[in-house]
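Here are my comments on the model you sent.

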Amino acid sequence: MLRGLDAAASGMIANQARQDALTNNLANVNTPGYKTDNAAFRSFPEVLIERIRDTGGGAMEGLGAKQVLGQITHGVYNQELVPNFAQGDAYETEDPLNFSLEDGMLAPQVIDGRSVQPRTFFKVQKPGENGGAPEIFYTRSGNWKMNAAGYLATPEGYQVLDANNQPINVRALLGTQPLSKKTLVVTPQGQLTAPLSPGSQPVQLGLVRVDNPALTMVKEADTTFRYTGAGQPVAFNPVRDTAVSIRQGYLERSNVDAGRTMMDMMNVIRSYEANQKVLSAYDTTLQKLAEVARV
């Protein structure tokens with residue numbers, strides 16, 4: 001009977017974790033470059049049940065051999081959150097430091113017998129913690145600003161990197177020119193130029209291509225990811241990756257489907273309530289047994 005309690009309780013905990021993920025998705029429905037988190041449930045490993053010290057036909061015959069009764073699980077758990085890397089729509093902002101990545105036409109790759117869609121990411125650098133070395137992360141969000149030192153940075157303060165993993169100094173690129181879409185131009189291949197600043201050298205945005213992001217990219221924050229594959233992600237190659245383009249003055253929307261997320265939240269609530277009722281039924285039954293035992 002107590003195994004039923006475990007299963008109902010684990011179902012409630014797993015549903016709570018999924019509800020948290022859905023709530024976070026809904027909270028980021030307007031966050032540029034945000035990717036939906038999908039909760040992956042998994043049952044606990046099955047255990048084998050055996051009847052031991054079997055007395056068979058009676059105590060006089062002594063103990064019998066063990067008898068296998070079968071297998072049983074102890075409920076489910078929320079194994080992990082898997083981001084959905086489907087591209088969001090682009091919308092215009094007119095901000096010269098907003099960039100959207102468009103790579104929906106990249107040819108799918110077959111990995112381990114499965115067709116997967118490659119994705120392209122910007123490189124950003126997070127300052128090291130407790131005096132440690134800075135870390136490189138990857139993002140689809142091109143919602144950037146120029147910080148007080150003149151460097152290109154994310155709203156979180158992470159510096160945007162060029163193709164050589166160096167922070168991009170927009171002020172040095174512009175010289176004395178004010179910032180606008182006329183003084184700072186990005187090509188579809190991601191090259192930043194300052195056409196009104198003679199002598200300034202173009203800067204190539206740091207871009208990487210990841211063939212199987214669902215398995216090799218782990219969400220670090222709402223819009224930044226850590227690469228967990230072997231080595232480093234493949235650098236963007238404008239000759240090979242002709243299906244990739246960067247648009248200035250645009251941002252990629254979050255790919256959260258608000259209507260679908262609301263429906264999923266209602267389903268999770270119903271599932272949570274069902275497990276709660278099972279738990280309550282077990283509790284009532286145990287109370288009855290305790291009362292009978294006292295009599």
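The points below go from the salt bridges to the helices.

1. The model is predicted, and the contacts named here should be read with that in mind. In total, the structure holds 15 salt bridges.

2. R119 and D103 form a salt bridge, with 2.9 Å between the closest N and O atoms. R119 belongs to strand 9 (residues 119-126), while D103 sits in the loop between strand 6 (99-102) and strand 7 (109-111), so the bridge ties together parts 16 residues apart in sequence. R119 counts as buried because its relative accessibility is 9%, below the 20% cut-off. D103 has a relative accessibility of 0% and therefore also counts as buried.

3. D103 has a salt bridge with R140 as well, at 2.8 Å from N to O. Here the pair links distant parts of the chain, 37 residues apart: R140 is in the loop between strand 10 (135-139) and strand 11 (145-146), and D103 is in the loop between strand 6 and strand 7. Both R140 and D103 are buried.

4. Which residues are linked with D103 in a network of salt bridges? The network consists of K35, D103, R119, R140 and E252. The two pairs described above, R119 with D103 and R140 with D103, involve members of this network.

5. An α-helix has 3.6 residues a turn, so residues three or four places apart point the same way. D264 is buried, its relative accessible area being 15%.

6. Helix 1 comprises 26 residues and spans 38 Å from its first C-alpha to its last, close to the 38 Å expected at 1.5 Å a residue. Its buried residues include G4, L5, A8, M12, Q19 and L22. What do the buried residues of helix 1 pack against? Their partners are strand 1 (37-43), strand 4 (76-83) and helix 4.

7. L2, L286 and L289 make a nonpolar surface patch of about 260 Å². L2 is placed in helix 1 (residues 2-27). Is L2 buried or exposed? With a relative accessible area of 54%, L2 is exposed, since the cut-off for that class is over 50%.

Definitions and conventions: Residues numbered from 1 in each chain as written. Predicted model: local features only at pLDDT ≥ 70, side-chain atom pairs only at ≥ 80, totals over all residues. Heavy atoms only, no water. Salt bridge = Lys/Arg side-chain N within 4 Å of Asp/Glu carboxyl O. Helix = DSSP H or I, 4+ residues; strand = E, 2+ residues; numbered from the N terminus. Buried < 20%, exposed > 50% of the residue type's maximum accessible area, 1.4 Å probe, protein only. Patch = residues over 30% accessible without salt bridge, like charges linked within 9 Å, V, L, I, M, F, W, Y side chains within 5 Å. Areas by Shrake-Rupley, 256 points an atom, 1.4 Å probe, with all protein chains shown as cover. Expected span 1.5 Å × (residues − 1). Contact = heavy atoms within 4.5 Å.
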